[in-house]
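Thanks for coming, everyone. Let me put the structure up, and then we can walk through it together.

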Amino acid sequence: MIELPLPPGYDLLSTVAFSRLGFNDPSCRLTRESWQRAVWTLDGPCSFSVEVRSQVAHCSWEGPFPHEQLPDVLGLTDDLPELDLPYPPIRLAGWPFVHDVVLRRIFEQRVAWTDAARSHRKLLERFGTDFGGLRCIDPARVRRLSAGELGWLEVDPQRGRALTEVGLVWKKLDRLREPEALRRAIKSLVGCGPWTAEWTAGLCLPDQDAVPTGDFGLPNQIAWNLAREPRADDARMLELLEPYRGQRFRVVRMVMWSGEDAPRFGPRMDPPASRLDRR
């Protein structure tokens, strides 16, 4: 176990919120004071636990977790800039397991978030490995998913091909730490484009200036919170984020965490998959 002192105002929940996909993610348990996570590493499965007490993070782990990277994983090496925004600052945490983020982003492509979370949960529950009371999956098992198993997971053939391809190259992905090399590698995968690449760069490296384009709702949310415009496209989102160049991913995270949802003008429902263009 190691203990890491936390800076004033540190918020565990907002820092590592994207470590789970859905509130019933079998690989993650997360509250404001604690975080447990299981993940597959280059050396096999591992799990770790973080408990925040009296401004100290008490960290323990099982298996080959790279514990020397815990300050990065908890966002403690991030320098918070001064931004003229009415939202609490968010620390950007690194995540050394690139394949883990890419797989989760692929599940979210072109479908509603709740559908992605359900498919991911089913994958871990049926095909994953129990470790430390949580579940993670060997990418080699993802590579072997059959058409029938992908159908049971409610994953379409395009996302299925992308998932299995990650299972082939996951070790290479996990070794990439240079932003442009990482983006190129992800966009070379079948069915993966800028949306997947930018989210992965922002969540793993972390690239403070990553901007996920091609998202159904993000441009609207950015435009509403930064300019009180209820609707926008990627071009308008990029224009509104331009004054924050160098910190655009942080601004996106801040707006998503603390900002308001854009007004809805139609029925309150998840957008159908045909209206999403996330790759």
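Let's start with one glycine: is Gly 128 buried or exposed? Gly 128 counts as buried, because its relative accessibility is 13%. The cut-offs are these: buried means under 20% relative accessible area, exposed means over 50%, and partly exposed is in between, with a 1.4 Å probe and protein chains only.

A word on the source. This is a predicted model, where local features need pLDDT of at least 70, side-chain atom pairs count only at pLDDT 80 or more, and totals for chains, interfaces and linings use all residues. Residues are numbered from 1 along each chain as its sequence is written, and side-chain values use heavy atoms, with hydrogens and water left out.

Back to Gly 128. Gly 128 sits in the loop between helix H4 (113-127) and strand S6 (129-131). Helices (H or I, at least four residues) and strands (E, at least two) are DSSP runs, numbered from the N terminus. What does Gly 128 touch, leaving out residues up to four places away in sequence? Leu 123, Arg 135, Cys 136 and Ile 137. Contact here means heavy atoms within 4.5 Å. Now look along the chain to Ser 27. Ser 27 and Gly 128 are 101 residues apart, yet their C-alpha atoms are separated by 9.4 Å.

Now the whole chain. There are 12 helices and 7 strands. The C-alpha atoms fill a box of roughly 50 × 45 × 35 Å along the principal axes. For 279 residues, a compact globule would have a radius of gyration near 19 Å, and this chain, at 18 Å, agrees. That radius is taken over C-alpha atoms, and the globule rule is 2.2 Å times the number of residues to the power 0.38. Of the 279 residues, 55% count as buried. Take the contacts with a separation of 6 or more: 64% of them join residues 24 or more positions apart.

On to a helix pair. Two packed helices are described by the angle between their axes and the distance between the axes. Our pair is H9 (residues 194-204) and H12 (residues 248-258). Their axes come within 11 Å and cross at roughly 90°. H9 and H12 are therefore roughly perpendicular. On the terms: axes are lines fitted to C-alpha atoms, for helices over the stretch in contact, and angles run from 0 to 180 degrees between N-to-C directions. Under 35 degrees counts as roughly parallel, over 145 as roughly antiparallel, 65 to 115 as roughly perpendicular, and the rest as oblique.

Which residues make the contact? From H9, Trp 199, Gly 202 and Leu 203; from H12, Phe 249, Arg 253 and Met 256. By type, that is 4 nonpolar, 1 polar and 1 charged. Ala, Val, Leu, Ile, Met, Phe, Trp, Tyr, Cys and Pro count as nonpolar, Asp, Glu, Lys and Arg as charged, and the others, Gly among them, as polar.

Stay with H12. In H12, 8 of the 11 residues are buried, so the helix is largely enclosed by the rest of the structure. The buried ones include Arg 248, Arg 250 and Arg 253. The buried residues of H12 pack against H1 (12-15), H9, H10 (218-227) and H11 (234-241).

Next, the backbone. The peptide bond from Leu 205 to Pro 206 is cis, with omega near -15°. Pro 206 lies in the loop between H9 and H10. Another loop joins S4 (44-53) and S5 (56-62), and Ser 54 is in it. Ser 54 is not a glycine, yet it has a positive phi of about 50°. At 72% relative accessibility, Ser 54 is exposed. Gln 55, in the loop between S4 and S5 as well, has a positive phi of about 60°. Gln 55 is partly exposed, at 38%.

Last, the cysteines. How many disulfides are there? The count comes to 0, where a disulfide is a pair of cysteine sulfur atoms within 2.5 Å. Cys 28 is buried, at 7%. For Cys 204, the closest cysteine sulfur is in Cys 192, 13 Å away and again too far for a bond. Cys 204 is buried too, at 0% relative accessibility.
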